[in-house]
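Please read these points beside the coordinates.

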Amino acid sequence: MAAKTPALTPKPVYSTALGDCFKGKAEDLLETPLMAEGLKHQVDLIFTSPPFPLNRKKKYGNLKGDAYLEWLASFADKFKLLLKPKGSIVIELGNAWEPGKPAMSTLALKALLGFLEKGKFSLCQQFVWHNPGSAPRVVTGMDGTLMWLKDAFPSNGRRIGVAACCPKS
């Protein structure tokens with residue numbers, strides 16, 4: 001089966017006098033002449049929410065581990081070519097738990113650091129979404145103790161951690 005060829009001219013799904021919004025798989029859109037050459041150094045802000053770096057396989061075919069790290073880092077150079085010299089990137093990265101452990105996975109942090117390093121970006125700010133409505137839950141500590149935990153990551157699937165990146169001076 002041959003690889004899918006991206007559209008030569010993507011059509012915006014929403015347009016105003018201030019700009020256009022495109023919908024599609026980022027890997028495909030970024031390869032089009034419009035994105036790769038036509039918007040070179042023209043973009044003020046890239047706001048993206050890639051699939052989260054989860055540690056277990058999902059039905060939608062998420063990447064795990066090193067494959068996820070490489071995939072996210074692959075966008076750094078492409079994004080840098082689109083950005084104006086003082087442009088910014090906002091990336092919404094969720095977190096995950098280590099399988100079978102009451103410990104947060106560091107995969108999201110590693111992915112962010114890999115992205116920053118590859119694109120030679122600086123981390124300007126990290127935001128954590130706080131949901132005061134989430135119920136406390138019992139978590140087993142590493143030493144076997146039980147503790148009540150009320151955190152910023154609710155169990156409703158809306159786990160959010162956002163990082164804002166900017167080019168290094």
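1. A pocket here is an open set of grid points with protein on both sides within 12 Å along at least five of seven lines, and its lining residues have an atom within 4 Å of a point. The model is a predicted one, and its largest pocket, with a volume of about 1000 Å³, is lined by 36 residues, of which Phe 22, Leu 29, Ile 46, Phe 47 and Phe 79 lie nearest the centre. Two or more lining residues come from each of strand S2 (19-21), helix H1 (26-29), helix H2 (33-38), strand S3 (43-48) and H3. By class, the lining comprises 24 nonpolar, 7 polar and 5 charged residues.

2. Helix H3 covers residues 65-82, and at 1.5 Å a residue its 18 residues should span 26 Å, which agrees with the 27 Å between its end C-alpha atoms. Among the buried residues of H3 are Tyr 68, Trp 71, Phe 75 and Phe 79.

3. The whole structure holds 3 salt bridges. In one of them, Lys 78 pairs with Glu 31, with the closest N and O atoms 3.0 Å apart; this pair links helix H3 to the loop between H1 and H2, across 47 residues of the chain. Lys 78 is partly exposed because its relative accessible area is 28%, and Glu 31, at 45%, is also partly exposed.

4. Lys 84 and Asp 44 meet in a salt bridge at 3.3 Å, N to O, and so join distant parts of the chain, strand S4 (residues 83-92) and strand S3, 40 residues apart.

5. Glu 37 and Lys 40 form a salt bridge with their closest N and O atoms 3.9 Å apart; Glu 37 counts as exposed at 53% relative accessibility, whereas Lys 40, at 32%, is partly exposed.

Notes: Residues numbered from 1 in each chain as written. Predicted model: local features only at pLDDT ≥ 70, side-chain atom pairs only at ≥ 80, totals over all residues. Heavy atoms only, no water. Helix = DSSP H or I, 4+ residues; strand = E, 2+ residues; numbered from the N terminus. Expected span 1.5 Å × (residues − 1). Buried < 20%, exposed > 50% of the residue type's maximum accessible area, 1.4 Å probe, protein only. 1 Å grid on protein atoms, 1.4 Å probe; cavity = no way out; pocket = protein on both sides within 12 Å on 5 of 7 lines; lining within 4 Å. Points joined across faces, edges and corners; volume = space filled by probe spheres on them. Nonpolar A, V, L, I, M, F, W, Y, C, P; charged D, E, K, R; others polar. Salt bridge = Lys/Arg side-chain N within 4 Å of Asp/Glu carboxyl O.
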